[in-house]
Amino acid sequence: MINADEIAGIIKQRIATYATGTNEAEIGTVIQVGDNIARVYGLDNAQSSELVEFPNGVNGIVLNLEEDSVGIAIMGPDTDIREGDRVKRTGRIASVPVGDAVLGRTVNPLGQPIDGKGPIESNQYRTIENTAPTVIERQSVKQPLQTGIRAIDALIPIGKGQRELIIGDRGTGKTAIAIDAIINQKGKNVICIYVAIGQKASTVASVQQTFEKHGAMEYTTIVNVSAAEPAALKWIAPFAGCAMAEYFMYEGKDVLIVYDDLTRHAQAYREVSLLLRRPPGREAYPGDIFFLHSRLLERAAKLSDEKGGGSITALPIIETQAGDVSAYIPTNVISITDGQIYLQNALFFQGIRPAVDVGISVSRVGSSAQTKAMKSVAGRLKLDLAQYRELAAFSKLASDLDKATQQQLNRGDKMTAVLVQPQLDPQPMEDEVAVLFAATRGYLDQFPTNRMQEWVHRFVQFLHEKYPQVTNTIRDTQALSDDVEKQLIAAIEDFNRGF
Amino acid sequence: MPNETLARRYATAVFDLAHEANSIATVQHDLHTFVDALAADESVRKFFRSPVVDRKEKEEIVARAFDKLDPIALHTILLLIRKRREALAEELVVQFDDLERAARGSQKLRITSARQLPQAEVDQIVARLAAAFNTKYDVTQAVDPGLIGGVRITMGDKLADGTIAGRLDDIARLLSTN
C-alpha cells in the first residue's frame, strides 16, 4: 500500500517537472472550402503532396502550389471545415506504414486499419510516390507467376515483374480472375496486395471473406477506398498499395498487386483535377492522366540479383463500356502494360468462364517466363485454337464439311471446353499441364463436350491417386520429359477406359 | 470571392505610386477611411458593391462623397469601380498594409491569451521574439478565454502554441489515434 504522503510527494514531483513546452507549427488559413477541396492562404513553405492537418483532425494533401495559396484535397469529411480555420503543416510527405504488420490487414489509403483488428504496429513508413527502379536495377521477366487458371497460364502467361492488364465490360469476371490469382499464391511465397478503388464496401467485404476462407488473407493486404469516400483518397489508393508492395520487393520478395480498377481511379483523378481547375483534355481528363498511370505501373519490376531479385507483378483492371477498348483510359493502360487479358461478354454468356478471348489477349513478355512443361503443351494449344477459330467462322457458311475439318472443329470444341474453369478453383501447374496435354493430343475427342468439366475434375483426382509420380515429376523438374510423357499417356488411357 | 493575388497587383501599383509621391501614410489612412466607411454602413457597402448601379453614376457619387481623400486613394477606388473590381477593395487594403509593413521591415504578430496580459508582459514577449528573429513587430492582442491558460503567438505563417487548450487538443489526438 502506498500512503497518502507518498502520493502527495509523487504529485508534487509531477507538478514540479510538468513540461510546459510550446507547440510550434506552420499554419495557413482556409479561404475557401467545398467539394473536398480547400484553398488555403499561407503555408508558404508547404511541399507538394505534403500532408496537412485541419482543426478537427482531418487530413489533407497539398496538390496545387500557387503564388499566395495552396490547393488541398481533403481526405475526409469536409463538412466541419470552415472558412478561416487554421491548417497545420505536418512536414510529412504522404506515406503509409509498410512491413509485415500490414499483412492480413484491411487498410485505407492512409494506412489506417479499417478491419477492427487493432492498430498497425509498424515503425517503418514509405512515401506513396517513389521513382520506379531504373534500367540497371532491373532484369528481364523470367519466372512464371501461376494464376492457377488454365486459359491464362497456358495462353497468356504472366511472369513475375510483369504488368498484365485485365480488361472487359462490367460483370465479365475481371475481379474473379484477380482473386483466383491471389488465392493461388498460397504457399508460393508471394505477397499479395489487393487495392480496391471505389468499389462497393459490400463487394470488398465479400472479397475479404473469400480470402479468409481460402487462407489467403495471411499473405494479403487489402487497401480499400469505397465509393462513398472522397476522390482524393481514391486517387492515392493505388500509390499507397504500391508503396507497401515496394517495401517487400526491395526486401527481395515477390509481390502480386491488383489495382481494381484503374477506370475509377482515373475518374477520381479527373474529379480532383477539375475541382483544382486544372485544364481538362480529352474526355475531360487532365493532361497528366497518362503519366499518372505510367508512373504507377512503371513501379512494377523484376529487380536485378544485386538488388535482391524481388519483384512486383501488377494486374491492373480496366472496365470498358460495351467492349470499347479504343476509349481514352483503356488505350492508355493497354499501351503501358505488357499485355492484356481481354474478357468478352458474349463468351461469358456462352458459358465460357473465365470469359477470356484468347484470340486478342496477349502477353508480351510472359512466354519467356513459362515453364518448359507448360510451353510444350501451350504451343500446340495456341496453334490449334487459332485454326479452330478460323474454321469455326467458315463452317457457319458451309453445309457439309469434310472429315478432317469436322475433326478439327471437334478438337477445338473440346479444347475450348477444357479451358472452362470454375471460380475459386485454381489448379497447380502440373495438373494444368496434364489436362492440357490430354486435350491437345486428342484424348478427349471421343467424349461429348458437355462432359469436359467432369472429365477434368475426375481425371485430376485419378492422376493424384493412381499416378502421383507423374505430377510430382512435372512439378519438380518443371518439364515434360519423354519418359513422363509416356507415363502420362498411359495414365490418360487408363482413365479413359473407365470414364 | 476575395482574390488576394489580384488584390496584390492593385496594391503593389498603388503602393509604388504612393511611395513615389511620398504619401504612403496619407494614402494608407485614406484607404482605411474608405473601407471603414463601407464596413460602418451596410447600405453604403451594398451600393458600392452592387453591379446593378451604373458605373458612371457610381463614380460620380463616390467622387463627390469622398472628395476629401488623397487623389491617389480616390483614383484607386474609382479605378476599381471602372474595372468592376469593387469586391477587391477590402483585400486591397489588407495587401497594402502588408506591403507597407514589409517596407518598414516589420512583421505582423498576434498574441492571443486567455485573459488580458499586462503591457509589461507583452513587451517582454515582443522584445524576446524581436531579439530571436531580428525583426520588428506590429503587435495585435486578443483575448480568448477558451485557451484556458498560456499564450498563442502567430507570426505570419508560424504558430507557437503554449496554451493549455492546445495541449489538451494534443492529448485528445494522441488518445484517439492510438
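**Group meeting: a predicted two-chain model**

Two bridges join β8(A) to strand β12, residues 220–226 of chain A, and the two strands run parallel.

Next, chain A as a whole. Chain A has 15 helices and 16 strands. Its C-alpha atoms fill a box of roughly 95 × 65 × 45 Å along the principal axes. There are 499 residues in chain A, and 47% of them count as buried. If we take the contacts in chain A with a separation of 6 or more, 72% come from residues 24 or more positions apart.

There is another set of paired strands in chain A, around β3(A). Strand β3(A) covers residues 50–53 and is joined by three bridges to strand β6(A), residues 86–93, running antiparallel. In that pair, E50(A) has I93(A) as its bridge partner. Strand β3(A) also pairs with strand β4(A), residues 59–65, again over three bridges and in the antiparallel sense. Here L51(A) stands opposite I61(A). What do β3(A) and β4(A) form together? A hairpin, with five residues between the strands. In the turn, G57(A) has a positive phi of about 90°.

On to the nonpolar cores. The largest has 142 residues, and the ones with the most contacts inside it are I182(A) and I257(A). Helix α5 of chain A, residues 231–250, gives the most to this core, with 15 residues. Taking I257(A) as an example and leaving aside residues up to four places away in sequence, it touches I193(A), V195(A), G241(A), C242(A), A245(A), I312(A) and A314(A). Apart from this core lies another one, of 21 residues; A7(B), F34(B), I77(B) and A89(B) are among them.

L109(B) is in strand β1 of chain B, residues 106–113. Is L109(B) buried or exposed? L109(B) counts as buried, because it has 23 C-beta neighbours inside 10 Å. Along the chain, L109(B) and T154(B) are 45 residues apart, while their C-alpha atoms are separated by 5.8 Å. Not counting residues up to four places away in sequence, L109(B) touches V126(B), L129(B), Y137(B), D138(B), V139(B), I153(B) and M155(B).

Now the interface. How many residues of chain B are in contact with chain A? The count is 14 residues of chain B, against 17 residues of chain A. On the side of chain B that touches chain A, the elements giving two or more residues are α1 (4–20), β4 (158–161) and α8 (164–177) of chain B. Of these, β4(B) gives the most, with four residues. By type, the residues on that side of chain B are four nonpolar, four polar and six charged.

Strand β4(B) also pairs across the two chains. Four bridges join it to strand β1 of chain A, residues 23–34, and the two run antiparallel. One of the pairs is E26(A) with K158(B).

Last, confidence. The mean pLDDT of chain B is 88, with 98% of its residues reaching 70 or more. Within chain B, the lowest mean is in α8(B), at 82, and the highest is in helix α2(B), residues 24–40, at 92. For the complex, the predictor gives an ipTM of 0.70 and a pTM of 0.86.

Key
Residues numbered from 1 in each chain as written. Chains lettered and ligands numbered in written order. Predicted model: local features only at pLDDT ≥ 70, side-chain atom pairs only at ≥ 80, totals over all residues. Contact = placed C-beta atoms within 7 Å. Nonpolar A, V, L, I, M, F, W, Y, C, P; charged D, E, K, R; others polar. Pairing = 2+ DSSP bridges. Buried ≥ 20, exposed ≤ 12 C-beta atoms within 10 Å, placed from the backbone. Core = buried A, V, L, I, M, F, W, Y, C linked by C-beta atoms within 7 Å. pLDDT = per-residue confidence, 0-100.
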